[in-house]
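Here is a short briefing on the model below.

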Amino acid sequence: MRGATPAKLLENAARAMTSLCQLESGKEASAVRDFEAEGIDRKTLLVNWLNEILYAEQTCGEIYDRFRISEASDNRLHARLYGQAPGTTASHIKAATFHDLEVRKTAEEFEATVVLDV
Amino acid sequence: MLNKHNLVRVAEYVWEIPPTFREDMRVPARLYADEDLLDAALSDNSIVQLVNTATLPGVIQHAIAMPDIHQGYGFPIGGVVATRLPEGVISPGGVGYDINCGVRLLISGATVEEIKPHLEEIASSLYANCPSGVGCRGHLRLTNSELVRVLHEGSRWMLEKGYASLEDLDRTEEFGRMSGADSAFVSNRAHERGRDQLGTLGAGNHFLEVDKVAEIYDEAIAAHLGIYSGNVAVQIHCGSRGLGHQICEDFVSRFQETVRNYGITLPDRELVCAPFDSKEGQEYFHAMACAANFAFANRQLLAHMIRRSFEEILAGRIKGFELRQVYDIAHNMAKVEEHEIDGGSVRVCVHRKGSTRAFGPQSAVLPDDLREIGQPVLIPGSMGTASYVLTGTAGAMQQTFGSTCHGAGRVMSRARAKRIVRGSELRQQLRDRGILICAGSMSGLAEEAPLAYKDVSRVVDVVHRVGIAKKIARLEPIAVIKG
């Protein structure tokens, strides 16, 4: 995943992960949730953020496809999630892991690699 | 890059990477394999992961890999790492996400010939009674206080509720209840994820299988376990579901900071750990024991539902179909055990991730009727191939902290298996071979195609030959139920 800023990287990571689960086409976004994620550093924040999304999907039966991060630092973020509820397709992703986790800054942008447990 | 030249052959099926291979290694790394299985192990990153586990604080003797080793998250799957207590560490990644994933084997007095005319009905009933698939919900809805009792008492709670017999508990590792459980250290999220998942299989490589006893290698021990050639058996393979997964996730995240606080440097962030006797280490152990108890209770409830299916379909039609429990084993767990090392008894934390406890005869932790023969060891094969019943040995106690292999071991990723195998075609191929398949997801079925796994017979032959388990019987599937 890539993003021009750390916040964009986090948004794009969420989009990349949730793109693995298809939503019903043409259905309006009916689920909107606000939440926060924390981590001791940028890498931990990324993994925790993705796992927050998976937890919300699994316990609320919702599937999200749009993410707006209103505030992000190296160890905390505030976000709003948009999606469909109740989800007719369960996510097959169990978790984001720390395995071979990479977050790096290149000359133009931020890049990350996350391995998902499926 | 690690290759064959970095390994020293110390015995016919034992390979070693000396601690001089990498300066952060504290002990040698050992792999049990024949030449072909060694090549398979070298085809992914699993041996590097094995070397990584040899760097953990307090690791003792060897970091060990079984012949079914394959790449996991941080720790390889098919590994055993023991740390000397009290200074040694406990690592959630060394247990894995599916805490107390394990296998239960039930045996019937009825033969395959007697049951075959009713097999389709039995398979349909099992599929209905034993919910499977991602996020599936069970028949029991637990209140908060009931869930807490399950976490603390495991199969003993099931006994109180009439879902288990005393014999079932006797024939379960830890007698179905892991000590040290304290639900105060299990997050609300883990409680939420577990509340309605008791008595469910889940997805992935989890399954129910109706088998026939195809071959006996040791008639006396097999008879002692109630296993006779031609009889029907049922295997259950599953674990602690979302609850165990959430506990692992919680502590892997939290221990990212813990390792910093204790000044522990690691080659992979999934190896995060804490000194066993530290506050953090103890909290993980208490939570892990809760997940272990949830998994024991889960397999117990599934066993109850399987017995109900057999009763519903076979009562009045054939005699002697009742299912008795052979044993229930865990293959993802960390345990405190005493082992003989260099002539003395040492207290260690043994991490078995994709490895089965295989305590030999005379072990004090076994029930009286198993003490003579050693602990039964259950090794499921890949879908459509054989599974094995073995027993633990004195050799396992001497070589591998009383541990052996856990299954066939993956050689192909799920994604690749899905690309090259069509689930519906695989189902037909297996049906043509006389194996009935009930599966909720054809892509899930494709992921578990036999070609994605090593040859389980080869894996079992290695552990038998090196003496870290003893072959007793071979099972072959006649029906498979999957999510």
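Asp41(A) and Arg269(B) pair through their side chains in a salt bridge, 3.0 Å from N to O. The rule finds 3 salt bridges across the interface of chain A and chain B. The model is predicted.

**Where chain A meets chain B**

- Across this interface, 11 residue pairs are in polar contact.
- On chain A, helix 2 (42-60), strand 5 (95-96) and strand 8 (116-117) each supply at least two residues of the side that touches chain B.
- Helix 2 of chain A gives the largest share of that side, 8 residues.
- By class, the side of chain A that touches chain B has 8 nonpolar, 9 polar and 5 charged residues.
- In contact are 22 residues of chain A and 22 residues of chain B.
- About 2000 Å² is buried between the two chains, and carbon and sulfur atoms give 52% of this area.
- Tyr55(A), Phe98(A) and His99(A) supply 33% of the area that chain A buries against chain B, more than any other three residues.

**Salt bridges within the chains**

- Side chains of opposite charge can pair when their charged atoms come close.
- Over all chains, the search finds 50 salt bridges.
- One of them joins Glu36(A) and Arg76(A), with the closest N and O atoms 3.0 Å apart. Glu36(A) is in strand 2 and Arg76(A) in strand 4 of chain A, 40 residues apart.
- Both ends are partly exposed: Glu36(A) has a relative accessible area of 38%, and Arg76(A) has 33% relative accessibility.
- In chain B, Arg357(B) forms a salt bridge with Glu173(B), the closest N and O atoms being 4.0 Å apart. Arg357(B) lies in strand 14 and Glu173(B) in the loop between helix 7 and helix 8, so the pair ties together parts 184 residues apart in sequence.
- Arg357(B) is buried at 4% relative accessibility, and Glu173(B) is buried at 1%.
- Arg414(B) and Glu448(B) form another salt bridge, at 2.8 Å between the closest N and O atoms. Arg414(B) is in helix 13 and Glu448(B) in the loop between helix 15 and helix 16 of chain B, 34 residues apart in sequence.
- Arg414(B) counts as buried at 18% relative accessibility, as does Glu448(B) at 5%.
- Shared partners join Arg2(A), Glu102(A), Arg104(A), Glu109(A) and Glu111(A) into one network of salt bridges.

**Cysteines**

- The count is 0 disulfides over all chains.
- For Cys248(B), the nearest cysteine sulfur is that of Cys101(B), 13 Å away. Cys248(B) is buried, at 1% relative accessibility.
- For Cys273(B), the nearest cysteine sulfur is that of Cys349(B), 11 Å away. Cys273(B) is buried, at 0% relative accessibility.

Definitions and conventions:
Residues numbered from 1 in each chain as written. Chains lettered and ligands numbered in written order. Predicted model: local features only at pLDDT ≥ 70, side-chain atom pairs only at ≥ 80, totals over all residues. Heavy atoms only, no water. Disulfide = S-S within 2.5 Å. Buried < 20%, exposed > 50% of the residue type's maximum accessible area, 1.4 Å probe, protein only. Contact = heavy atoms within 4.5 Å. Buried area = accessible area lost by both parts, 1.4 Å probe. Polar contact = N/O pair within 3.5 Å; in protein donor to acceptor, adjacent residues only side chain to side chain. Helix = DSSP H or I, 4+ residues; strand = E, 2+ residues; numbered from the N terminus. Nonpolar A, V, L, I, M, F, W, Y, C, P; charged D, E, K, R; others polar.
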